[in-house]
Amino acid sequence: MTFHLLADMLVMLHLLFIIFVTLGGLLVFRWPFIAWFHVPAFLWGGGIAILGWICPLTYLENDLRERAGASGYTGGFIEYYLLPIIYPERLFGDFPRGGFIAIGIFVFVLNAFIYWKLYRRKS
């Protein structure tokens, strides 16, 4: 039971990290020091999507699930939890790598825009 609970908590942490990667730059408007945490996070998150890597949190979650007696899953967090929610047929079609590359590029472009706005605001 403990391992199952830890795995579930890790899923929530993973989801919060993805939200921070995607939109954390908006927090920098209010608290500029957040950029020290957000820039490496969005570079990591976008890079994982573009390069096709699997986040280490996914491996940890699978390990915890297996220790709890459940089976893990293949692929990454996004494929397992988020794609069924965001209707993957439209985004991913027959070429799933293209969808992940699009997600990575979206993360980079969105955050470049946010930081550009921050830069212009300071100038």
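Val28, Phe29, Pro32, Tyr115, Leu118, Tyr119, Arg121 and Lys122 line the second largest pocket. The model is a predicted one, in which local features need pLDDT of at least 70 and side-chain atom pairs count only at pLDDT 80 or more, while totals for chains, interfaces and linings use all residues. Residues are numbered from 1 along each chain as its sequence is written, and side-chain values use heavy atoms, with hydrogens and water left out.

A pocket is defined on a 1 Å grid over the protein atoms alone, as an open set of points where a 1.4 Å probe fits, with protein on both sides within 12 Å along at least five of seven lines; its lining residues have an atom within 4 Å of a point. The volume of the second largest pocket is about 180 Å³, taken as the space filled by probe spheres set on the points. Two or more lining residues come from each of α2 (25–30) and α7 (96–122), helices being DSSP runs of H or I with at least four residues, numbered from the N terminus. The most is given by α7, with five residues. By class, the lining holds six nonpolar, no polar and two charged residues; Ala, Val, Leu, Ile, Met, Phe, Trp, Tyr, Cys and Pro count as nonpolar, Asp, Glu, Lys and Arg as charged, and the others, Gly among them, as polar.

Turning to the helices, α1 (residues 2–23) packs with α4 (residues 56–67) at an angle of about 160°, their axes lying 8 Å apart. The two are therefore roughly antiparallel, a term for angles over 145 degrees. On the α1 side, the contact (heavy atoms within 4.5 Å) involves Phe3, His4, Leu6, Ala7, Asp8, Leu10, Val11 and His14, and on the α4 side Leu57, Thr58, Leu60, Glu61, Leu64, Arg65 and Arg67. Eight of these contact residues are nonpolar, three polar and four charged.

With α3 (residues 35–51), α1 packs at about 105°, again with axes 8 Å apart. This pair is therefore roughly perpendicular, the range for which is 65 to 115 degrees. Here Phe17, Phe20 and Val21 of α1 meet Phe37, His38, Ala41, Phe42, Trp44 and Gly45 of α3.

Definitions and conventions: Axes are lines fitted to C-alpha atoms, for helices over the stretch in contact, and angles run from 0 to 180 degrees between N-to-C directions. Angles under 35 degrees count as roughly parallel, over 145 as roughly antiparallel, 65 to 115 as roughly perpendicular and the rest as oblique.
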